[in-house]
Amino acid sequence: MCAIFGLIDYEHRLTTRAKEKILKVLSKECEVRGTDATGFAYNHNGHISIYKRPLPARKMHLHLPDEVYAIMGHTRMATQGSEKLNYNNHPFPGRAGNKNFALAHNGVLSNDKLLRKEKSLPESYIQTDSYIAVQLLESAGSLDFNSIREMAENLIGSFVFTILDDSDGIYFVRGNNPLCIYKFHAHGFYLYASTKEILDRTLRRIGLSKAPKTEIKTMLGNILRIDANGNIERSEFYSYSDFARFYTFPRRTLHDDFQIEQLKEFAGCFGVDPCYVDLLYENGFSADEIEELLYEPEELMNYADVLEYEGLYF
């Protein structure tokens, strides 16, 4: 479990110090999902800079140049590749065609080594499973909805990706991990993080909890791009591989079994039939993942519907 987060100051109203303060608070709130490493990427005059260290966010000191308007970040809980080797940490640099980019990933991928072999991609000293996404985009030779769609549909595992390009656009690739994006119309910026809870705690700490905002809805299979002017473009992807990990890599513990019984008791409070909790659990979702989905009942039902469909036709 990791966290992604960031800020897009599309109307250029925030001072550099204000952006640093917001990102400091936001990154510290993201520690709940990972403290092994923290990283930031930003575009400055067409050059993407990456600052990352094997440290929790509270020990990082981010100093942005002036005229930086799009910043993405990541807090890591290491699963593959030691965080002590800083090149294993997020974000990762890449170049596709004539576009430089930085990529961050929340989730776990299971077919990175297989894809590298199948597609004759070069071996890399970077040990993190996430890096295969960078290699797939570089191999495609372009950074756009088509190449990102193809990348996402090749992956097996859980993911949300953020991809910052060198024209201050950020792509959001929503797989089966959480994502929340707020737009503050009156202030001219976007703020995003892995969960609504992280964003809401951040807003309380920076004094913006009552500021008018719109939540930009996303769901499994969505690709969004927010450009330098704050405009949103959308596309989609789909692949059965999004769900394949749950059949191939089930995770069950006695602690999970106990938690599941508790979650079934509370499911009705969220308007969810307890049988759907069992359905997700039987298909490999952990108790923690199901608990997180209960706070987003529509998304939980989306998973359940797909799993029922796969069970009927495969």
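1. Strand β8 (residues 170–174) and strand β12 (residues 222–226) pair in the antiparallel sense, over five bridges. Isoleucine 170 of this pair stands opposite isoleucine 226 in β12. Two strands count as paired if DSSP finds at least two bridges between them. Helices (H or I, at least four residues) and strands (E, at least two) are DSSP runs, numbered from the N terminus.

2. A word on the model. It is predicted: local features need pLDDT of at least 70, side-chain atom pairs count only at pLDDT 80 or more, and totals for chains, interfaces and linings use all residues. Residues are numbered from 1 along each chain as its sequence is written, and side-chain values use heavy atoms, with hydrogens and water left out.

3. β8 and β12 belong to an open sheet of six strands, in the order β5-β6-β7-β8-β12-β13, with antiparallel pairing. β5 (92–96) and β13 (232–236) each have a single partner strand, so one side of each lacks a neighbour in the sheet. From one strand to the next, the twist averages 25°. Helix α3 (residues 131–140) packs on this sheet and touches β5, β6 and β7. The direction of α3 makes about 15° with that of β5. Contact means heavy atoms within 4.5 Å. Axes are lines fitted to C-alpha atoms, for helices over the stretch in contact, and angles run from 0 to 180 degrees between N-to-C directions.

4. There is also an open sheet of seven strands, ordered β3-β2-β4-β1-β10-β9-β11, again with antiparallel pairing. Its edge strands are β3 (47–53) and β11 (214–215), each pairing on one side only. Six bridges join β1 (residues 3–8) to β4 (residues 70–76). Here alanine 3 stands opposite threonine 75 in β4.

5. Which strands does helix α1 touch? Helix α1 (residues 16–29) packs on the seven-stranded sheet and touches β1, β2 (37–44), β4 and β10 (189–193). Its direction makes about 165° with that of β1. α5 lies across β9 (180–184), β10 and β11, at about 35° to β9.

6. Within α1, glutamate 20 and arginine 17 lie three residues apart, about one turn of the helix. They form a salt bridge, with the closest N and O atoms 2.8 Å apart. The count of salt bridges (a side-chain nitrogen of Lys or Arg within 4 Å of a carboxyl oxygen of Asp or Glu) comes to 14.

7. The largest pocket holds about 1,300 Å³ of space. It is lined by 48 residues, with Asn177, Pro178, Glu289, Glu292 and Leu293 nearest its centre. On a 1 Å grid over the protein atoms alone, a pocket is an open set of points with protein on both sides within 12 Å along at least five of seven lines; a cavity is a set where a 1.4 Å probe fits but cannot get out; lining residues have an atom within 4 Å of a point. Grid points are joined across faces, edges and corners, and a volume is the space filled by probe spheres set on the points.

8. One cavity of 30 Å³ or more is counted. The largest cavity has a volume of about 60 Å³. Its lining includes Cys2, Arg76, His90 and Asp129.

9. Two backbone details remain. A cis peptide bond joins histidine 90 and proline 91, with omega about -5°. Proline 91 lies in the loop between β4 and β5. Asparagine 45 has a positive phi of about 55° although it is not a glycine. Asparagine 45 sits in the loop between β2 and β3.
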